[in-house]
Amino acid sequence: MDTTADPLHPPAVNKHRRRATRAPLTTTAQAWLFLAPALLLLLGFTFWPVLWGSYLAFTEYKVITPPEWVGLKNFEELFEDEVFITSLKNSLLYLLIVPFIQLGALLLAVLVNNSLPGIKFFRAAFYVPVVTSVSVVGIMWGWMYNEQGLINAALQWLRVINEPIGWLTDDRIALFAVMFVTMWRGLGWYMVLYLAGLQAIPKDIEEAAVLDGANRWQRFWRITVPMLAPTILLCSVLSTLAAMKVLEEVLILTRGGPMSSTFTGLYYAYDMGIRSFNFPRALAASLVVSVFCIFVAWLNFKFIQPRHR
Amino acid sequence: MPFKLRSSQRNARRLTTLLHYAALVAIALFCAFPMLWTLATAIGTEGNVFAFPPTLIPEKPSLENFAEVFRVIEIGKYYWNSIWITFWTVLWTVVVCSLAAYPLARLKFKGRQLVFSVILVTLMLPTEVNFLVNFITMTKLGLVNTHLGVILPTIAGAIGIFMMKSAFEEVPQDLIDAARVDGASELRVFWQIMLPLALPQIATLVIFTTVTSWNNFLWPGVVLTKSELMPLAVGILELSGTFGSATRVIAAGAVMTIAPALIVFFFTQRFFMRGFDGAVK
């Protein structure tokens, strides 16, 4: 059929109509369409859990029935639970080891911030624990810490100890053994952050200080550390938050044991929620951990930033 | 060297370099030793695995322990699950994050500042505690014991969005204007101009997401309870749980679990080392 010959439906009008129905969306509408998938996912799996979880912490909730407001009851039970008190103590002890990771990572970064032959190989070796699955890390360190494991074998061979030490089975030691694995896993990751910070420091400042006769120690404290202040703040915030949220190492190395000696705040939440299905109390615990996290982050900003400005 | 050193100075310098290397080797051993020892255990067949000093070069190396892993657990299934989960996670992360980054980088629209701050806030929320409610959500959506349930919460991340946003910001405005004058839709600008020019950053995002997703342990372990659905990083624990004393077989399984991520890492290390430059400034 030849539509162009049809006087009642001239093609120009037709074309115009089709254009009109397919009018381009406004920029704003298009922008929101582009953003929609990400925003929906963030709302559903990031914001909603924080808000809904905080609400559920104040309720009686068994998933199959609607939640019922009970005020502070879950928190009262929480703080009466000795396991939770142990968990909090352990999480705070974890915070005490953070400065050591920081110092170690910074020294390591200074050590690899040069162009010695083969330095790239060493940087990679230090980063290997970071890209290793935590489940395998758990298996390997489980062996290292075994009663007949390599650490005990080495210490006995060196005659440092006579009897093997129960690194993960002695309730006085287990937490520190788990902490050591956390440090081992984190070292390379903070090293890379510090390395990036070190390499951003302009070379001429250092050279000027050398000409002025500043020794290595003076240059480190007067130039490197102040210039690194933003990196130090970043690493400090990240590592203290990570210390408050330790969970996976505990889960695979000790499952909180022996007794409850290696429970951490977040492992308690995991244990209560995923293993005992007591979601309100688990969420109350995770809310306490979150509040601690926010407080700790605030402390970091308050104490680290102004000093080096 | 601008001036000549006396021989004592030269010796001092040599000593410093030597000490430097000694420290580097010691720390490298400290970091990589568990992996080396696991590898040696996996390919070894004889002797006490915990003997000290440890044998890092086994006398009779063999792949027998790896074959044994295939006999005692369904490691092929775990591998496939890991590949499947990682593939879709990476694909959807790139799609979702770059889609969201485009308007944030290049379109002027109402609410842009607001959206940007909302995404920024997610970096500060203590999101590690979200897995509890996400588990309830997955139960209600009927996504427990599905791979979709593993993938969904991980694909929209602020880091990925920021990474793509800064990539898109570097694209010259002239290119976009020219395409728009030619009548290209925003989707077409995004697809035919933005994405091809952002390939280096997409590669970085792909590498990071691949390694993270491959190693992900906690969330898949929460959502998946059926062993036939588990990825390698979770399934490997079945091996150590059931065959706790068969150290060499477990070591072989451990090597098979971490090898893919380590290989990706070794070939793409510069992305891992350099990827943080932006984060620090």
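## Contact between the two chains

Between chain B and chain A there are 12 residue pairs in polar contact, both residues being at pLDDT 80 or more; a polar contact is a pair of N or O atoms within 3.5 Å, where within protein one must be able to donate a hydrogen and the other to accept it, and where residues adjacent in sequence count only if both atoms are side-chain atoms. On the side of chain B that touches chain A, helix H1 (residues 7-43) of chain B gives the most, with 15 residues; helices are DSSP runs of H or I with at least four residues, strands are runs of E with at least two, and both are numbered from the N terminus. By class, that side of chain B has 65 nonpolar, 14 polar and seven charged residues, where Ala, Val, Leu, Ile, Met, Phe, Trp, Tyr, Cys and Pro count as nonpolar, Asp, Glu, Lys and Arg as charged, and the others, Gly among them, as polar.

The contact (heavy atoms within 4.5 Å) takes 86 residues from chain B and 86 residues from chain A. The area buried between the chains is about 7700 Å², with carbon and sulfur atoms giving 84%; buried area is the accessible area (1.4 Å probe) that two parts lose on being put together, summed over both. The count of salt bridges between chain B and chain A is zero, a salt bridge being a side-chain nitrogen of Lys or Arg within 4 Å of a carboxyl oxygen of Asp or Glu.

## Basis of the model

This is a predicted model, in which local features need pLDDT of at least 70 and side-chain atom pairs count only at pLDDT 80 or more, while totals for chains, interfaces and linings use all residues. Residues are numbered from 1 along each chain as its sequence is written, chains are lettered from A and ligands numbered from 1 in the order in which they are written, and side-chain values use heavy atoms, with hydrogens and water left out.

## Chain B and its domains

Chain B has 15 helices and zero strands, and its C-alpha trace spans about 70 × 70 × 35 Å along the principal axes. Its radius of gyration is 25 Å, whereas a compact globule of 281 residues would have one near 19 Å; the radius is taken over C-alpha atoms, and the globule rule is 2.2 Å times the number of residues to the power 0.38.

Chain B is divided into domain 1 (13-61) and domain 2 (74-277), with bounds from an automatic or database domain assignment, and 34 Å separate the domain centres, taken over C-alpha atoms. In chain B, 11 residues of domain 1 are in contact with seven residues of domain 2, and the two domains bury about 670 Å² between them, 73% of it on carbon and sulfur atoms.

## Chain A and its local geometry

Chain A has 14 helices and two strands. Its radius of gyration is 28 Å, well over the 19 Å that the globule rule gives for 309 residues, so chain A is more spread out than a compact globule.

A cis peptide bond, with omega about -10 degrees, joins Gly257(A) and Pro258(A), and Pro258(A) lies in the loop between helix H12 (248-253) and helix H13 (265-275) of chain A. Arg159(A), although not a glycine, has a positive phi of about 60 degrees.
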